[in-house]
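Hi everyone, thanks for coming.

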Amino acid sequence: MRILPDRRAKLRAAMRAAGVDIAALTPGPTLRYLSERGWQTGDRPLLALFPLAGEPALVCPALMGESPRFAYSDAESPQPALEHALESLAARNRAIGVEANRLRYAEARLISQCAPDSHLLDFSAELADLRMIKDAGEIAAIRHAIAMSEAALRDTLASARIGISERELAARLDSRMIELGADGLAFETLLHAGANTALPHTAPLAYRIQPGDPLLIDFGARAAGYCADITRTVFVGAVTAAQRDFYAVVEAANAAARAVARPGVSAETVDVAARQVIIAAGYGDLIRHRTGHGIGLQAHEAPYIVRGNQQRLQAGMVFTIEPGIYRMGEIGVRIEDDILITETGAESLTTFPRGAMVV
């Protein structure tokens with residue numbers, strides 16, 4: 001199993017700091033980050049074992065053709081293969097670090113059976129931290145995902161018509177991202193019109209778009225496994241003065257948060273900057289979520305741009321700034337950008353216009 005040398009060094013440093021002797025990972029973003037392979041979770045157990053010294057071991061089904069040394073067939077239990085792998089790594093009486101929020105009971109039980117004298121440690125936070133600072137290749141992939149997403153949004157908005165349903169328009173957007181080269185969607189597209197825009201994180205509905213409706217679209221493509229996450233709110237046919245004023249509060253909150261984002265400030269500072277604008281406008285009771293979150297191999301990952309998070313921003317972090325306000329039964333507005341922290345400040349990787357747009 002191939003692992004990039006710089007990522008191996010980061011993993012081992014985190015293991016030493018946490019007192020972990022073996023990191024046992026199942027398919028997911030962390031394993032993809034370390035191995036650059038996108039294995040899928042299936043009914044057959046797969047475990048990648050990373051020791052402090054020596055080469056990693058992959059215990060997997062033989063049908064994958066990945067690791068004949070520690071592979072098992074459908075006619076076999078995976079237990080002998082895992083026991084063999086653990087013995088090769090001298091993993092007895094050891095601390096085994098796992099992602100507690102991802103490890104299934106089947107794999108946890110298998111580890112406990114094969115290494116009864118070892119103990120499992122939750123290594124989730126440390127593993128998530130490994131992926132927070134993006135390298136040049138990761139940033140390039142995110143830029144590509146954003147470029148495809150924005151191009152797809154332009155084309156989809158140009159094709160929107162009165163009477164089309166939220167579901168139909170979302171399907172057009174999804175299809176267009178794939179046509180433009182996305183290797184998948186970052187998450188299920190959220191698209192709402194009219195009063196449904198006040199439902200900030202609900203799947204598209206059967207509602208058909210009417211003249212004067214606000215239209216909120218939260219979506220993103222994947223490129224080489226990396227996510228874009230963009231939200232824009234536009235207006236269909238016309239925008240009223242009241243809608244424009246409501247929108248302007250969110251636009252100002254987005255600008256305030258982007259203005260303070262730079263190395264050394266806390267994640268909370270960015271959240272507070274957006275929140276204060278909304279509160280000052282009298283809409284504090286309409287805030288329903290944090291200001292942002294990291295993006296990378298997951299659409300939601302560290303760092304989280306939220307009150308109480310004193311983590312300092314560093315160059316290479318990529319996260320969203322997405323203030324929103326939602327008046328139930330009437331309108332919701334969210335404006336979401338993807339932000340890269342640079343050595344000297346911050347860059348908005350998203351370039352789609354933020355002003356109130358009529359389509």
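**A buried arginine, a sheet and a helix**

Let's start with Arg12, which sits in helix α1, residues 5–18. Keep in mind that this is a predicted model. Now, which side chain of opposite charge is nearest to Arg12? That would be Glu55, 5.6 Å away. Arg12 is buried yet makes no salt bridge. Setting aside neighbours within four places in sequence, Arg12 is in contact with Pro51, Leu52, Ala53 and Gly54.

Next, the sheet. Four strands make up an open sheet with mixed pairing, in the order β8-β9-β12-β20. Its edge strands are β8 (190–193) and β20 (357–358), each pairing on one side only. Helix α7, residues 166–179, packs on the sheet and touches β8 and β9; the direction of α7 makes about 145 degrees with that of β8. Further in, β9 (residues 214–219) and β12 (residues 230–235) run antiparallel, joined by six bridges.

Last stop: helix α9, residues 267–280. How far apart are its end C-alpha atoms? They are 21 Å apart, and this agrees with expectation because 14 residues at 1.5 Å a residue should span 20 Å. Buried residues in α9 include Ala267, Val270, Asp271 and Ala273, along with Ala274, Arg275 and Ile278. And what covers them? The cover includes α8 (241–260) and the strands β14 (301–305), β15 (318–321) and β16 (324–327). Just after α9, Gly282 takes a positive phi of about 90 degrees.

Thanks, all. I'm happy to take questions.

Definitions and conventions:
Residues are numbered from 1 along each chain as its sequence is written. This is a predicted model: local features need pLDDT of at least 70, side-chain atom pairs count only at pLDDT 80 or more; totals for chains, interfaces and linings use all residues. Side-chain values use heavy atoms; hydrogens and water are left out. Two strands pair if DSSP finds at least two bridges between them. Helices (H or I, at least four residues) and strands (E, at least two) are DSSP runs, numbered from the N terminus. Contact means heavy atoms within 4.5 Å. Axes are lines fitted to C-alpha atoms, for helices over the stretch in contact, and angles run from 0 to 180 degrees between N-to-C directions. The expected span of a helix is 1.5 Å times one less than its number of residues. Buried means under 20% relative accessible area, exposed over 50%, partly exposed in between (1.4 Å probe, protein chains only). Lys and Arg count as positive and Asp and Glu as negative; His and the chain ends are not counted. A salt bridge is a side-chain nitrogen of Lys or Arg within 4 Å of a carboxyl oxygen of Asp or Glu.
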